[in-house]
Amino acid sequence: MDILQILKDDYQRFPVDQTYSIYAKDVYFKDPTSEFRGVDRYQRTIAFIQAWFRHCKMDLHKMQQTGNIIRTDWTLSWNTPLPWRPRITIPGWSELTLNADGLIVSHLDYWHCSRLDVLKQHFLPKTR
């Protein structure tokens, strides 16, 4: 199993057809808006994103592995299902920790912006 290739493929088709078998059953997940354990909960979170957000896209900019840590740098974007369909963009990175079996046991997401910045994107036009 080439986990780096699997992750690259998952990023390309996010949030559709993600490979949940690369996660430990009790994987720890944390991002600026939520924190939980369990691959089942992670699957439900991805299903929610797929059901509610439109034109969801995860652009992978960089991926590197050092020991049992994989870091991915990305930009997540989507259209929120509000009448004016704002395009939301979150630049960030993930730190994935692998166990001895090569499964992801920790998935930590970080943003290069605040939660308030994300909220503002729903109501304020982007400046260029």
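**View 1. R13 and D10 pair up along helix α1.** R13 and D10 sit three residues apart in helix α1, so about one helical turn separates them. (Helices are DSSP runs of H or I with at least four residues, strands are runs of E with at least two, and both are numbered from the N terminus.) Their side chains meet in a salt bridge at 2.6 Å, N to O; the term means a side-chain nitrogen of Lys or Arg within 4 Å of a carboxyl oxygen of Asp or Glu. D10 is buried at 4% relative accessibility, while R13 is partly exposed at 32%. (Buried is under 20% relative accessible area, exposed is over 50%, and partly exposed is in between, with a 1.4 Å probe and protein chains only.) This is a predicted model, where local features need pLDDT of at least 70, side-chain atom pairs count only at pLDDT 80 or more, and totals for chains, interfaces and linings use all residues. Residues are numbered from 1 along each chain as its sequence is written, and side-chain values use heavy atoms, with hydrogens and water left out.

**View 2. The buried face of α1.** I3, L7, D10 and Y11 are the buried residues here. Looking down the axis of α1, they fall within an arc of 100°, so they line one face of the helix; the arc is taken from the directions from the helix axis to the C-beta atoms. They pack against β3, β4, β5 and β6.

**View 3. L7 in the largest nonpolar core.** This core has 29 residues, and L7, I90 and I104 have the most contacts inside it. (A nonpolar core is a set of buried Ala, Val, Leu, Ile, Met, Phe, Trp, Tyr and Cys residues joined through side-chain atoms within 4.5 Å.) Among the elements giving it two or more residues are α1 (3–13), α2 (39–52) and β6 (104–111). Leaving out residues up to four places away in sequence, L7 touches I22, M63, I70, L96 and I104, a contact being heavy atoms within 4.5 Å.

View 4. The whole structure has three salt bridges. K57 and D59 meet at 3.5 Å, N to O; K57 is partly exposed at 42%, and so is D59 at 28%. D73 and R71 meet at 2.8 Å, N to O, with D73 buried at 15% and R71 partly exposed at 29%.

**View 5. W84 meets F123.** W84 lies in the loop between β4 and β5, and F123 in the segment after α3 (115–121). Beyond its neighbours within four places in sequence, W84 is in contact with H122 and F123. F123 counts as exposed, at 55% relative accessibility.
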